[in-house]
Each structure stands twice: as C-alpha cells, then as structure tokens.
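Hello,

Please have a look at it before reading on.

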Amino acid sequence: MTVPWSGNRIPWTLMVFLAALWVPWLGSRYDTFLGTQIAIDALFAVSLNLLLGTTGLVSFGHVAYFGIGAYICGILMKTYGVPFALALPAAWLGAAGFALVFGFFCVRLTKIYFAMLTLAFSQIAWAICFKWNGVTGGDQGLPDVPYPDLDWMSALPGLDGLRVSDRFYLLTLALVAVSLAALRRIIGSPFGRMLTAIRENPERAAFIGVNVRRYELAAFVVAGGFAGLAGALFGIFNRGVFADYLYWTKSAEVMIMAILGGMEHFWGPVVGAATLVMLNQQITSYTEYWPFVLGVILLVLLFAFPGGIVGGLVAGVNWLRRRGGGRQSA
Amino acid sequence: MEGGNLLEVRGLSKIFDGFAAVSEVTLAIAAGEIAAVIGPNGAGKSTLFNLITGHVRPTSGQVLLGGRDITGMPPHRISGIGIGRSFQRANIFSRLTVFENVQAALLSHRGCGRDFWSRSETFYREEARALLDSTGLLGQAQAIAGTLSYGNQKQIELGIALAGDPKILLLDEPTAGMSAAETRETLALLKRIARERSLTLLFTEHDMEFVFSIAQKIAVMHQGRIVVEGSPATIRADAEVRRIYLGSVQ
C-alpha cells in the first residue's frame, strides 16, 4: 500500500493544492470557473469512490445526496436567510441523514439489486424535488441562491481585490481540501481497512467478526454526507438549485469520473473529475458530438488502462523503475 | 468447562426444499480434541460446518459452544466468540498484502473497526508478524495475497482464522487442491499450531492418510447422517464405513 507522506516522496497533493490557490491571480475568470467546477466534482467523485473503490458497492443513485445537499443549503440560504456557515453543515448532515434512511434498505441487498435500489431511491428523490413546488420550486427550481457573505476575506492580506466568484473559488478549494483530507484519513483508518476487507471478500469479512451490513451502511452515510457538501457548494456556484441535479444521468457522470481517473487510487476520481470537466469544455468548443468523443475516450481507456488514468500512470512509473533497477544491476 | 464438551451439536437438521442435507446430527467435541468428519461428496459435511458457523440457519436442532446456545447467531458474532474457520476454497482478501490480511482480522477481532481516524498501518504490527511467523508466511508478508500459491493462500486463511484467538478451529478440507508436498507441510503446521495453542480442531478431509495421522476421533457422515463415530482404530475396522467408501452391495 502506498504511504503518501513518507519522507522520500514528492508531496504532489500539496503542490497541486498550492498551485490551485494561485488560479484567481494568474488565470482568467474562466479558469476560476473551471477550477471551482473541478474542485466540486472532485469531492463528489471521491465521495462516490468511498463506496465504489473502497467498499466495492456500486451505487447508481449517489446523485440523490448531492442534490439533497444542494437543496438543503439553497433553501436554507434563500428562503430562510440562514448564513452559509450554518447552511453548509446542515446540508452535510441532512444528506448523511437521508443516506442513513435510504442506505438502511439498500445494504440489505447485494450487487445489481443494491445498485438498482440506490437508483430507485434517487429517482424518488428527483421526482419529489421536481414536483414539490412549495419547497423546492418544482420544475422551476430554486434560482438566485445568494453567494455566502465573503466580506470577511477582505480582512485577509492579499484577498481584498478579488471578485466574489474568486473568493468563492478559494473557499470551495479550502473546503474540498479539508474534506478530501478527512476522507483520505477515514480510508486509511482501521474502519477503512474493514471496508476494503468487505470489498475483497464479504463472506470472509463477516467471519473475522465484521458486521458487513452495518459497515456498508456507515460507508454509505459518510459518502452521502460528503456528496451533500459537494452539492451545497455546487448550488451556490451555479447560482441556483434545480431538479436535474438529482437526475440519474449525473450519477452515471460521477461514476465515469471515478472509473476514468481510476477507482483503485484515492486521487483517481480527482484526476477523473479534472479530465472530464476540461475535456468537456475543450471538446464542446470544437464539436457538438461531445458524448461521442467521450465514449471513444472511455473505450480506449477501459481497454488500454483498466485501472484508469492514475492506474495507468502508476503502472508506467513502476515499469520505468523496474527497467531502471534492471540496468543498475546489469 | 474443564474437561467438558467445548462444542456440542444436538439433533441438528437442515432441509433444503425437501432434501435433508443434514439430518439429526449429534456430535460432541471435547476441549483439546482433534476430530474429523469424513464421508463421500455430498454427505453434508460442508453444510454441517455452515450450520455451526451461522452461515446457514438450521431447520431444527441446537449448536452449543461451551454450554452456550449459539444456534442461529450471525457469522460475524459467532466468529467473535471463539470459533475460527477456514473455507473449502481459500477464502482470503486477495488484493491486500499477506500482512494486511492477518492485520485486518486482528483489527476486527479486537474491536478497532470503529476507529475511523487513526492510521491502520500502526496497529498490531508485532501480533501480525507473530501470526505470520507461526503460519510460515513471514517471508511473504508484503506480497499481494492473491498472487501466492494455493498452498500459501490456505496458510493465509489459517493465519486469519487464528487472529481471533479461537478456542476451536473448523477447517473445511484444509488440504483440498494441494500438492502432496503442500499436504505434508500443512499436516505438520496444523499439528504444531494445535499443540502450541492447545486448540480444539474439527475438520473435514478427503485425504485419509491425513485424517488418520492427526485425528483422535472420527465421525463418518453419509447422506446427511452420522453413521459411525469413534477412534481411528474403530473406524478403520468398521464394515459400514467400508461399505460407504467402497460402495459394495450386500
């Protein structure tokens, strides 16, 4: 297993984070927009991967918790004027709460039946958000969710000249970084090891004393909570919350991010999210057949690098190392 | 329970869709005993094990461990109260390292699974190494479990089973799929571990040489029932056993 912070390794994650901090100063307004989108999608994809890659649970309804988080945060901030500092944790807890209720039923099933039930719950959630005019705005959605009050950032040195969207980018980046660090820590913990044991062999896991359903439910709740956090940020970023945030195609999209980047590695989904967002932007400016191009890219990747982009990179680096080692010994 | 029966099975039956896979099995294993259940394929040996370890719920009957009724408990609880088990095919965590396989079992058995904030690598390093040492796997601690030979994978499974510090170990065909050399090693390994840990063993096995060289008591199953039970000498001399194995007609 890789140990990310052992002394002789390059701290890639820290470097990427520090580089990303400079985007508002060095990049354009459009770069900040892309950066915010990538950060949010990265958190969403990593939260899904806690189920997909770590626990071996294929959830086709992860978007439900993303959307629920977005609605909770949006409704609290717009309808009730609750400050962001309270609305965000509320979205996190609310999404986790729904994940607890839905997950309670889902973990009773396995494999494709589990996947179908997660999908069913997400479609129910979507239908409710689409029709419940009084609370969610129904098919009109919830436009004009206000930006959080970020004036306090002016007090920080160097941040006073920034646009509000730049400030929100920095806030998003910090929140996503903290969330990813927490998820990484959870996956590396004894609890995380029990989840990998379940992924590898649920029968054996049960016979080392693991209550498989309960651990699966716990993973489902944690993943749902962080998806809700990502959703809450997305609602503000997009200046509104709409029912299509919960539509099932978005579950597929986030799953593509995880698989494209590589679900065997913690950072795989982050790379997948960045790749997909940037490809989407680049390719749609050349051709309207973006889904076609995406399909071809996925096909090539799945056959050439079944471990995703990060899996392919790691395999390549290991190969180079072996070759290098071979030459030295020769 | 000094000198008493560690594991007791009373009138245990399992009926699958009208077919009695196990019927009215009664068996008692004393603490420290090494017992074997033998019988032709389909005799119900694996089902009997699955009934004892909670993987299958019995239709009727009782399972007692140290006098306590454990009938119908889920496997994850049974594994926590002193029954260790290996499965017929090597049942391990294939993509984890050998070390992580054993360490995961230690983490779970010692109730650390709820800890979601500490670094798992730091837990029970010495205990895991000791277990790997006693199962002869120390040299391969960092190898990915699924890449090792079948014999090694069975050793890993033994290490996983021992991590719970069980009172009794149930081994479902410990030498299935092994070469002759691996079978000999496994025999020596099991003898040593049973002695060192004063373990009670209950196992099924097709290799008769293996059975007669380690078992102190043998029960013969046929068509879901225990037909004969006794010392190796008794079983060797029994006409019924010969009939079952050689299929001779009266």
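Let me start with confidence: chain B has a mean pLDDT of 91, with 97% of its residues at 70 or more (pLDDT is the predictor's confidence in each residue, from 0 to 100). Helices here are DSSP runs of H or I with at least four residues, and strands are E runs of at least two, numbered from the N terminus. For the complex, the predictor reports an ipTM of 0.89 and a pTM of 0.91.

This is a predicted model, in which local features need pLDDT of at least 70 and side-chain atom pairs count only at pLDDT 80 or more, while totals for chains, interfaces and linings use all residues. Residues are numbered from 1 along each chain as its sequence is written, and chains are lettered from A and ligands numbered from 1 in the order in which they are written.

Now to where the chains meet: 21 residues of chain A and 30 residues of chain B take part in the contact (C-beta atoms, placed from the backbone, within 7 Å). On the chain A side, helix 8 (164-187), helix 9 (190-200) and helix 10 (202-206) each give two or more residues, and helix 9 of chain A gives the most, 8 residues.

Chain B is assigned domain 1 (1-82 + 166-250) and domain 2 (91-161), with bounds from an automatic or database domain assignment. Their C-alpha centres are 26 Å apart.

Best wishes

Methods
Contact = placed C-beta atoms within 7 Å.
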